[in-house]
Amino acid sequence: MQQQPPSMWKFFPMLPIEREEHIVSLGEQFTPIVPLPTLGAEIGLPLLRMKDEGQLPTGSFKARGLAMAVSKAKELGVKKICIPSAGNAAGASAAYAARAGLEAYIFLPEDTPEINIKESQVCGAHVELVKGNISDAAKRMNQLRNSNPDWFDVSTLKEPYRLEGKKIMGYELAEQYEYELPDVVVYPTGGGTGLIGMWKAFDEMEQLGWIGSKRPKMISVQSSGCAPIVKAFKERKADSQFWEGAATIASGLRVPKAFADYMILDAVYKSNGAAVEIGEDEIVATVHELARKEGLFICPEGAAAFAALRHLLTEGLITEEDSVLVFNTAAGTKYPEVVQLKIKN
Ligand SMILES: Cc1ncc(COP(=O)(O)O)c(C=O)c1O
């Protein structure tokens, strides 16, 4: 067979897994970096690019963290995993658990997009829907864990391995940018592992002598319907407060209180970055804009990140000379509810 294109496992020596045969993989190839000539010219960012994480298995960047966490769980002899999720992490944990022959216990808010429930169930996971948001789902899971001590908890940042998988975004983009990091990285933030993982990768690569001390400005983007990190940033606080009544169409951003909020904020402050909130209408409009102008059907979380660009330019936080990398964290096709059908009579 011919050699496969590079995958996240190219960075195996940087990952906390002992033996290659323990890797549980569904084909986590390098995700492409796509130029955006039309949008870039229109808003005045000629060096605008998008890293398309929607092309990973299960259609989102959550595949990276769960490929790693499930591989490690298997290596450690774990038989059952449990996770509360806003949606995409559920689908990814169900898929990797099925691949590894593990049982997955998944706890989701009852209004999670239907596709995430279906993709979990089709892979044979045990799914429980919980009234409320991801914090309520986590509470329910923790109640049940008391009587199920053999469940290995893979909640965001409560075990070290998902972060390790996600940090590979940082390694990958560095290689793709030939070890001259972009000036700005824009990332939609919920629990924060994406942003924190990349920040860790940059430090590791500096220690390895692969890059210098220059860091991209890290821009954390949230929805106005759930913006605890943005609020904390505006108040120059070190951590965030629980966001009451969290609601957004960008379901991955509905995290009222990130467990590692202080680490997200630390990366934002240290990189001279910013945290920006985007209104719901603007998120939906941006999904349509990217599709019409560039042929890219992105997820609402990615759309929030793109919508942030105009605000950042207006406020002088980025300039037209900057090379800007925006993350689209999932495929738009996972969010059919964002687009209304146009039916002609
Ligand atoms: C599509 C998508 N984008 C972004 C996020 C937020 O990612 P993180 O929790 O790493 O901040 C999520 C989380 O569920 C997601 O599903």
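Helices (H or I, at least four residues) and strands (E, at least two) are DSSP runs, numbered from the N terminus. Between Lys10 and Glu294 there are 284 residues in sequence and 30 Å in space, C-alpha to C-alpha.

The model is predicted: local features need pLDDT of at least 70, side-chain atom pairs count only at pLDDT 80 or more, and totals for chains, interfaces and linings use all residues. Residues are numbered from 1 along each chain as its sequence is written.

Take the whole chain next. It holds eleven helices and ten strands. Its C-alpha trace spans about 55 × 55 × 50 Å along the principal axes. A compact globule of 345 residues would have a radius of gyration near 20 Å, and the 19 Å of the chain agrees with that. That radius is taken over C-alpha atoms, and the globule rule is 2.2 Å times the number of residues to the power 0.38. Of the 345 residues, 52% count as buried. Among contacts with a separation of 6 or more, 73% join residues 24 or more positions apart. Two residues are in contact if their C-beta atoms, placed from the backbone, lie within 7 Å.

How is the chain divided into domains? The assignment gives domain 1 (8–59 + 164–338) and domain 2 (62–153). These bounds come from an automatic or database domain assignment. The two centres, taken over C-alpha atoms, are 23 Å apart. Across the boundary, 33 residues of domain 1 are in contact with 28 residues of domain 2. On the domain 1 side, helix α6 (residues 161–176) gives the most, with five residues. By class, that side has 16 nonpolar, eight polar and nine charged residues. Here Ala, Val, Leu, Ile, Met, Phe, Trp, Tyr, Cys and Pro count as nonpolar, Asp, Glu, Lys and Arg as charged, and the others, Gly among them, as polar.

Where does the ligand lie? Both domains give residues to the shell around the ligand, so it lies between them. The shell has 20 residues, and the closest are Gly190, Gly191, Gly252, Glu301 and Thr329. A residue is near a molecule or strand if its C-beta atom, placed from the backbone, lies within 6 Å of it. Two helices, α3 (88–100) and α7 (193–207), each supply at least two residues of this shell. The shell divides into six nonpolar, twelve polar and two charged residues.

Helix α3 also holds Ser93. Ser93 is buried, because 30 other C-beta atoms lie within 10 Å. Not counting residues up to four places away in sequence, Ser93 touches Leu66, Ile81, Ile83, Ala104, Ile106 and Val154. Glu320 lies 39 Å from Ser93, C-alpha to C-alpha, and 227 residues away in sequence.

Return to helix α6, where Glu172 is found. Glu172 is buried, with 23 other C-beta atoms within 10 Å. Its C-alpha atom is separated by 6.8 Å from that of Phe30, 142 residues apart along the chain. Leu157 is in the loop between β6 (151–153) and α6. Its phi is positive, about 65°, although Leu157 is not a glycine. Leu157 counts as partly exposed, with 17 C-beta neighbours inside 10 Å. Tyr179 is in the loop between α6 and β7 (184–188). Tyr179 also has a positive phi of about 65° without being a glycine. With 11 other C-beta atoms within 10 Å, Tyr179 is exposed.

The last stop is helix α9 (residues 261–270). Its buried residues are Asp261, Ile264, Leu265, Ala267 and Val268. Seen down the axis of α9, they fall within an arc of 160°, so they line one face of the helix. The arc is that of the directions from the helix axis to the C-beta atoms. What covers these buried residues includes α7, β8 (217–223), α8 (228–234) and β9 (274–278). After α9 comes Asn272, whose phi is positive, near 65°.

Methods:
A residue is buried if 20 or more other C-beta atoms lie within 10 Å of its own, exposed if 12 or fewer, and partly exposed in between; C-beta atoms are placed from the backbone.
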